[in-house]
Amino acid sequence: MRLTNYFLPTLRENPKEAQIPSHLFMLRAGLMKQSSAGIYSWLPLGLKVLKNIEEIVRLEMDRTGSQEMLMPTIQPAEIWRESGRYEDYGKEMLRIVDRHDRDMLYGPTNEEMITDLVRTTIRTYKDLPKNLYHQQWKFRDEVRPRFGVMRGKEFLMKDAYSFDLDREGAIRSYNQMFIAYLRIFKQMGLKAIPMKAETGPIGGDLSHEFLVLADTGESEVFYHKDILNFNVPNDEIDYSSDLQMIVDEWTSLYAATSEKADQSVHSELAESLMTARGIEVGHIFYFGTKYSKAMSASVADSNGNSRYLEMGSYGIGVSRLVGAIIEASHDEKGIIWPESVAPFKVGIINLRKDDSLCVKESDLLYSAIGDAGLSVLYDDRDESGGAKFANMDLIGLPWQVIIGPRGLKEGQVEVKNRATDQKQSVPLGAVLNVLLGR
Ligand code: ATP
Ligand code: MG
């Protein structure tokens, strides 16, 4: 992509509504634009990151055997009346009446809708287990939307729902999601700590929140310092194997948000206790038959007896993750994208638009890098070098290739790594090798 063609409305000034780095940089780097409080348009650069996050989530969810689908954003109120949550959900639910006076709502979550879907399609234990997910926009009329995508009214969530015949099966499903979450966040360059959590309006008796440590996080968290040394299962993980031991290890040390904090444990832990702030990026629940009972979702077991489905639900804040990744990875100049989610892998800076050799070599490198399968944003604008450097650092692409007349005299360009800030002079013919890590 040539920057002269790209829609990238960056801001020079710091927007005054932004109180935390991720909100500031998402606005300044032209990732998104506010439409109204807590509601944003995703601009091309921001959407690329959002899609990359979605894809990491998708691939890992698929690996667990969960299957992607897509449910609507607008839901009928009646299924929420069945579960009893229509009243309970309160003012956070955006309620809508259609032209036939039917009560509708913009979904804040999908337990009712998926239970309704499954009760009319799954009839016997032979159809179980099933785990279904989607990545869909949610709406919660938050009292205080703030910090940009961190607490929006409209936000993208990955929500998965598991259906099993018995508690044992449901715990297996829960464990699969537990491990998948550890792996998903790691692939985004994040260290997320699972913490015992309140089940809140979703209900249930087993629940973990996954929190990324960040000074700007909304939650106060407490954890045993050694939890940071636990290993995240690698690519060899077999989701059909018994995962209990891994989950047991991760839950063997104390970790809790302030809502679940236990003062007596805190004094016991003494020096080993860490206090920090965290961002909730995921939340998993096992809630048994809470919804299946209320909504009569049952199957016939092997003896022909009717049994209520054992369920769990599993959320990831996909749009919140864009902010969480920036909170975890930035400096005073801007964003530092981990390669796995970066909107482009490489940024090319041509320092001299009026120098025909610079233009020619920049154009050639632009084609060569693209042909090698790397996504590349080419700053071919007629701007000063300083402005281009600042812009490239702001948008945070992992690699910068800087082309100027002085280097070209020696047949060299400069390659800079955004994360380490290391710059090296590289002969034109070797640029691809450096970028491809060869
Ligand atoms: P919170 O405690 O932050 O309000 P929650 O516990 O109500 O979140 P869940 O119902 O567990 O949220 O939703 C699953 C995930 O969706 C959360 O872990 C979070 O990452 C994300 N999420 C929830 N509310 C918002 C929001 N208003 N804006 C952006 N992401 C959100
Ligand atoms: Mg939660």
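The chat below covers a sheet, its helices, and the spaces inside.

Q: First, what kind of model is this?
A: It is a predicted model.

Q: OK, the sheet. In what order do the strands of the open sheet come?
A: The order is E20-E19-E21-E22-E23. That makes 5 strands, and the pairing is mixed.

Q: What holds strands in a sheet to each other?
A: Strands pair through backbone hydrogen bonds, and they do so either parallel or antiparallel.

Q: Which strands sit at the edges?
A: E20, residues 376-379, and E23, residues 423-427. Each of them pairs on one side only.

Q: How much does the sheet twist from one strand to the next?
A: The average is 25°.

Q: Let's go pair by pair. Do E19 and E20 run parallel or antiparallel?
A: Parallel, with 4 bridges. E19 covers residues 346-350. In this pair, Ile349 of E19 faces Asp379 of E20. Gly347 has Leu377 of E20 as its bridge partner.

Q: And how many bridges join E19 to E21?
A: There are 5, and these two strands are parallel. Here Gly347 is opposite Gln400 in E21.

Q: What about E21 and E22, parallel or antiparallel?
A: Antiparallel, joined by 4 bridges. Gln400 turns up again: its bridge partner in E22 is Lys416.

Q: Is E21 buried or exposed?
A: Buried. That goes for 5 of its 5 residues, so E21 is largely enclosed by the rest of the structure. The cut-off for buried is under 20% relative accessible area.

Q: Which way do the residues of E21 point?
A: Trp399, Val401 and Ile403 point one way. Gln400 and Ile402 point the other way.

Q: Back to E20. Which of its residues are buried on each side?
A: Val376 and Tyr378 are buried on one side, and Leu377 and Asp379 on the other. Both faces of E20 are therefore covered, given that buried means under 20% relative accessible area.

Q: What unit do E19, H11 and E20 make?
A: A β-α-β unit, and it is right-handed.

Q: What lines the largest cavity?
A: Among the lining residues are Tyr40, Trp42, Trp137, Glu154, Phe155 and Ser319. Glycines are there too, including Gly38, Gly148 and Gly152.

Q: Which elements give two or more residues to that lining?
A: Strand E2, residues 39-42, and E8.

Q: So where does E8 show up?
A: In both linings. E8 supplies at least two residues to the largest pocket, and two or more to the largest cavity.

How values were computed
Residues are numbered from 1 along each chain as its sequence is written. Chains are lettered from A and ligands numbered from 1 in the order in which they are written. This is a predicted model: local features need pLDDT of at least 70, side-chain atom pairs count only at pLDDT 80 or more; totals for chains, interfaces and linings use all residues. Side-chain values use heavy atoms; hydrogens and water are left out. Two strands pair if DSSP finds at least two bridges between them. Axes are lines fitted to C-alpha atoms, for helices over the stretch in contact, and angles run from 0 to 180 degrees between N-to-C directions. Buried means under 20% relative accessible area, exposed over 50%, partly exposed in between (1.4 Å probe, protein chains only). A crossover is right-handed if, with the strands pointing away from the viewer, the path from the first strand over the helix to the second runs clockwise. On a 1 Å grid over the protein atoms alone, a cavity is a set of points where a 1.4 Å probe fits but cannot get out, and a pocket is an open set with protein on both sides within 12 Å along at least five of seven lines; lining residues have an atom within 4 Å of a point.
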